[in-house]
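Please examine the structure shown below. The paragraphs that follow consider a few of its residues in turn.

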Amino acid sequence: MKLKSLYVDAKITHKFSPNAEVFLEARNITKEARITNNGDRFGFADGTPYVNGLYYGGRTFSVGVTYRN
C-alpha cells in the first residue's frame, strides 16, 4: 500500500514596470508531512506499511520585490 500525499505551492506576481515586480509565494499550503516507510514488503497484516519517519516542515509564506536594472 502506498501512502499518498499532495503538496500544493502557489506564487502570485504583479509587474509594476519592465524592471520591477512584487510577489507572494506560499509553499505546502495543504500542510502535508513527508512520510517514509518500509514499503509493501514489511508492514501490518492489512498491508499498511510501518512508518519509519514523519517529517513536517510546515507552511511557509514569502513576500518580496524583484528589481532588474
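In which loop does N28 lie? In this predicted model, N28 is found in the loop between β2 and β3, the latter spanning residues 34-37. Its backbone deserves attention: N28 has a positive phi of about 55 degrees, although it is not a glycine. Most residues other than glycine have a negative phi. N28 counts as buried because its relative accessibility is 10%, which is under the 20% limit.

The loop between β2 and β3 also holds K31. K31 is likewise not a glycine, yet it has a positive phi of about 55 degrees. The relative accessible area of K31 is 45%, so this residue is classed as partly exposed, the range between 20% and 50%.

Strand β2 itself covers residues 20-27, and E21 is located within it. E21 counts as buried, since its relative accessibility is 13%. Leaving aside neighbours within four places in sequence, E21 is in contact with T13, H14, K15 and F16, as well as with G64, V65, T66 and R68.

Strand β5, made up of residues 60-67, contains S62. With a relative accessible area of 31%, S62 is partly exposed. When residues up to four places away in sequence are not counted, S62 touches F23, L24 and E25. S62 may also be considered together with K11: the two are 51 residues apart in sequence, while their C-alpha atoms are 9.2 Å apart in space.

Terms used:
Residues numbered from 1 in each chain as written. Predicted model: local features only at pLDDT ≥ 70, side-chain atom pairs only at ≥ 80, totals over all residues. Heavy atoms only, no water. Helix = DSSP H or I, 4+ residues; strand = E, 2+ residues; numbered from the N terminus. Buried < 20%, exposed > 50% of the residue type's maximum accessible area, 1.4 Å probe, protein only. Contact = heavy atoms within 4.5 Å.
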